[in-house]
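Work through the exercises below with the sequence and the model at hand, and try each task before reading its solution.

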Amino acid sequence: MRRYLFLIFFCFSISVFGQSTIKKAQNSYEDAQQFVRQNIFDEAIKHLNDAIKADPKFQNAYLQLGDIYKRLRNVQKAKENYRLAVAAAPIENPNTYFILGETELQTGDYTQAKTNLENFLAKALNVDEKYKDKAKKYIADCNFALTALKNPVRYEPFNMGFYVNSEDRDYFPALTADGQTIIFTRNVKGNEDFYTSVKKNGEWQKAQSLSENINTPSFNEGAQSISPDGRYLFFTGCNRPDGLGRCDIYVCRREGNDWSKPINLGQTINTGEWESQPSISADGSTLYFLSNRPGGFGGYDIWKSVMDDEGYWTTPINLGPNVNTPYDEATPFIHPDGKTLYFSSDGWPGLGQKDIFYSKVQVDGTFSKAVNLGYPINTFNDEFGFIVSANGTEGLFSSNLDGGFGDVDIYRFKLPENLKPEPVTYVKGVVKDAETKETLAASVLVINLNTKAAAYNEITDKVTGDFMAVMPANQSYAFSAFSDGYLLYSKHFDIKPADANKPFELEILLEKIKVGSKVLLNNIFFDTNKFDLLSISMVELNILTDLLKNNAGMVIEIQGHTDDVGDIKANQKLSENRARAVYDYLISNGIDKKQLNYKGYGETQPAFDNKVLRKASRKTEEPSFW
């Protein structure tokens, strides 16, 4: 009898306790809703935890905690609470498996994520197809990640140091082609501005604010791209008075030691939508950027616009399905090789959230299918804002890795061989007056003789006189520098892959036009033992034509020279015919005969060492003029 009474009492006491705690838990849960509706999440979390303390099986409280932490971008805490929700009671809504699998993917628990996402697909019979498609995409991520973890790539990041990085957020690095100047975005108390550092004696100097003409206290400036020569800065400006949409793309030009005021790129590039994250090609002819304008594949796509012959940007075109996805792409970076595009995406199979990919321009001008850079360059975190040095040896990115100086720092690492762009080099120098040694405002033109396109076309700043032109390998280039009242400077470059680590540095001393001056033209070409001008010669001949037209009183003698290989008389005749070919071309292009003479010198006055010329595979003519 006593045992019976005891059992009844025990059961009754449990029942009373359960009702009381459930009511307390429900009250705390309802209190939390008031704070959730007001977005006061700290208080909401406190009351939800009270509800769980009162009722450890309160599944909805766990689910809401997971939702709050996910909204606060604390994915780890979100995952923990979703897991507790699944363990607390049988799952009635299959969407729970989806959100749990999603957070597991975003924290690197790929095996568990795959299991829960497969559970979702198996149980979600009447769910919107877009969630099923996303679950399948997430499963593809899990499969890719599990394989990538077994095949890591070489990766050892180094902090750029305290002269570049600070206690604030430092991100979006941009480098000049010589690797001597870095411009990046720094967020100080919520305001984004540009900072720059230069390298001296191999060490970065303390970063300084870029320019008061660009940085503002009222607007955010960020997501920038620097032209390889450091002359033009393309960047994103949001909510500015002259903006056409929420965020627009602007450009500034370096003038002396400062920068011009920003100029909005206008309605062709910018729309009422969102345009951001520009990247300019090395030759300045193609602008890549991010936009959510109509006509794309998904949310944010990568687009490009090409500058026409009149200097106007053409209607942007989408880069297509080998780059863009139904999801989001971000931070495009076109390498100075002009062929390799690095970008971030959460649409292609990866390790969770945004990974870094590359794609290369194919023969038909389209881009190849995106390739993931691999683990551990990519992780389950967002990776974006990635660039590669012009020489292709290093990648730069931003992250909050352990041991940094602030919230986010800029890091560099050696790029694995299989992820490198095509080899490039550059020619860098300064243009001066030969007599006074003062810097000049001069036109510097570099023409790719293989494509006939300008690789560089810029007027040097009179204050600095400097220039820097990128030259991808396996190409030939005609280089010229000229200024009003001065003779033409001519040089030729045949760039081999081995030249990628051998940049050219020039001090160009332009001579004023005067009697007796002599110039060697290095880009006039003929086939061996022939005197028909090759088409690639027209680039330099057209420059010479303009020089003569702009200096109508100028009289020149076109001289032809050969090496000492072959018959002397044949060489003499060949040199005369080649000089005459240049003469005829200039006449046909409007030059007065009174300005021209021509003469062949054969092998009597070689322009180069004959031993060197004999090693050449073709015989070229280098006419000169007085």
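**Exercise 1.** Is Cys247 buried or exposed?

*Solution.* The model is predicted, so local features need pLDDT of at least 70 and side-chain atom pairs count only at pLDDT 80 or more, while totals for chains, interfaces and linings use all residues. Residues are numbered from 1 along each chain as its sequence is written, and side-chain values use heavy atoms, with hydrogens and water left out. Buried means under 20% relative accessible area, exposed over 50%, and partly exposed in between, with a 1.4 Å probe and protein chains only. Cys247 has 4% relative accessibility and is therefore buried.

**Exercise 2.** Find which cysteine is joined to Cys247 by a disulfide, and describe the link.

*Solution.* A disulfide is a pair of cysteine sulfur atoms within 2.5 Å. The partner is Cys238, with an S to S distance of 1.9 Å. The link of Cys238 and Cys247 is right-handed, with 100° about the S-S bond. By this rule the count is one disulfide.

**Exercise 3.** Determine in which sense strand 23 and strand 26 pair.

*Solution.* Strands are DSSP runs of E, at least two residues long, numbered from the N terminus, and two of them pair if DSSP finds at least two bridges between them. Strand 23, residues 424-433, pairs with strand 26 in the antiparallel sense over seven bridges. Thr425 stands opposite Met471 in strand 26.

Notes:
Helix = DSSP H or I, 4+ residues; strand = E, 2+ residues; numbered from the N terminus.
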